[in-house]
Amino acid sequence: MRRMVFPLLLAVGVAGIVLGGVRGTGGQDEAAAVGDEVVVYSSRQEHLIRPLFERFTEETGIRVRYTTDNAGALMARLQSEGRNTQADLFMTVDAGNLWQAAERGLLAPMESELLTQAIPVHLRDPDGHWFGLSVRARTLVYSTERVDPEALRGYADLADEQWRGRLCLRSSQSVYNQSLVAMLIASHGVERTEEIVKGWVANLAAQPFSNDTSTMEAVVAGQCDVALVNTYYFGRLQSQNPDVPLAVHWADQEGNGVHVNISGAGVTRHAQRPGAARKLLEWLAGEEAQALYGALNHEYPAREGIDWDPLVASWGDYRVDDTNLAEAGRLQTQAVMLMDRAGYR
Ligand code: FE
């Protein structure tokens, strides 16, 4: 991923063109055109979305009502509510979940020049059902006390014998790991990926953990030396304890690049306020929202040319696997079966 820093004038010029359609001439006019309310179902936590929604309301006059729950519960709810749903926009994490929502017919495809210009092609559904709004990197975090970073390469290399009894992983139940393995299948094929995952299992120092934070805490505690996690969890740990003896290693920089995933959103199939939903989604992809969106959770903006949160920037630039994330959904079932065959619980 490369941060593109535009000269100020150029950036203002680009923003003017790209955002021209969204800003309109003022809150009242906006609301008159698309209604004064939009309803969101979100698996993103309230503290991560509320500041954005408040800004959106200030700028457009459109109120945002939202319900938060886990992704599975919200999808089940959308399904059972059908055309009676109040929800106009569905927001969640992981392309695997967004792909599922689209597959179950819960999202409507949307054509938006603004979104296709703002969001890189690998971070959105080719058919326009969902769009990435923030980017999370899933990579290696290692003990700075016991690991020589020169020894680290990428995901496949964690299957090497040198990591026997030194690896900690989160459970294969996590959609994050399902998506990671699906993307490994996309680049290496099923057979090779199964070898890799078997190697991981053979190298585990402990039973898989229920979340990324406890996985890293096991490294801090000396139970293992290297883990695979989303970097924003590392960011949380590091902001609580700047001296935590862990560091990020960017995987596969000579190979396919780091596996990234998204948090994102799509307009619901039965949206009663599709105009307002589109407006909110386009606003979330705009420059102001993007500067806030990733930083609220130590993630990366989906849009290019936005400065990174300083803590996040301190981990350095890296090359991203830019395979379209729809693959994470398409190959999810295969990934789950593969992990099961490999004995990864
Ligand atoms: Fe997470």
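**A first look around**

Guide: Let's begin with charge: the mean positions of the 31 positive and 44 negative charges of the protein are 4 Å apart. Here Lys and Arg count as positive and Asp and Glu as negative, with His and the chain ends not counted. Each charge is placed at NZ of Lys, CZ of Arg, CG of Asp or CD of Glu.

Visitor: Before we go on, what kind of model is this?
Guide: This is a predicted model, where local features need pLDDT of at least 70 and side-chain atom pairs count only at pLDDT 80 or more, while totals for chains, interfaces and linings use all residues. Residues are numbered from 1 along each chain as its sequence is written, and side-chain values use heavy atoms, with hydrogens and water left out.

Visitor: How many helices and strands does the protein have?
Guide: There are 15 helices and 9 strands. Helices (H or I, at least four residues) and strands (E, at least two) are DSSP runs, numbered from the N terminus.

Visitor: And what's the radius of gyration?
Guide: The protein has 20 Å, which agrees with the value near 20 Å that a compact globule of 345 residues would have. That radius is taken over C-alpha atoms, and the globule rule is 2.2 Å times the number of residues to the power 0.38. Along the principal axes, the C-alpha atoms fill a box of roughly 65 × 45 × 30 Å.

Visitor: How much of the protein is buried?
Guide: Of its 345 residues, 56% count as buried. Buried means under 20% relative accessible area, exposed over 50%, and partly exposed in between (1.4 Å probe, protein chains only).

Visitor: OK, new topic. What coordinates the iron ion?
Guide: Tyr176 (OH), Tyr232 (OH) and Tyr233 (OH) do, at 2.0 to 2.1 Å. Donors are N, O and S atoms within 2.8 Å of the metal (3.2 Å for Na, K and Ca); water is not among the atoms, so sites may look incomplete.

Visitor: Where do Tyr176 and Tyr232 lie?
Guide: Tyr176 lies in helix α7 (residues 175–188) and Tyr232 in helix α10 (residues 231–240), so the pair ties together parts that are 56 residues apart in sequence. The donor spacing reads Y-x55-Y-Y.

Visitor: Are those two buried or exposed?
Guide: Both Tyr176 and Tyr232 are buried.

Visitor: What else is in helix α10?
Guide: Gln238 has its place there. Gln238 is buried, with a relative accessible area of 17%. Not counting residues up to four places away in sequence, Gln238 touches Val244, Leu311 and Trp315. Contact means heavy atoms within 4.5 Å.

Visitor: Let's jump to α11. Why is that helix described as largely enclosed?
Guide: Because 8 of the 11 residues of helix α11 (residues 274–284) are buried, the rest of the structure largely encloses it. Among the buried ones are Lys279, Glu282 and Trp283.

Visitor: Which strand holds Gly132?
Guide: Strand β4 (residues 131–143) does. Gly132 counts as buried, at 0% relative accessibility. Leaving out residues up to four places away in sequence, Gly132 touches several others, including Ile119, Ile262 and Ala302.

Visitor: Last one: where is Ala342?
Guide: Ala342 is in the segment after α15 (332–341). At 10% relative accessibility, Ala342 counts as buried. Setting aside neighbours within four places in sequence, Ala342 is in contact with Glu194, Val197, Lys198 and Val201.
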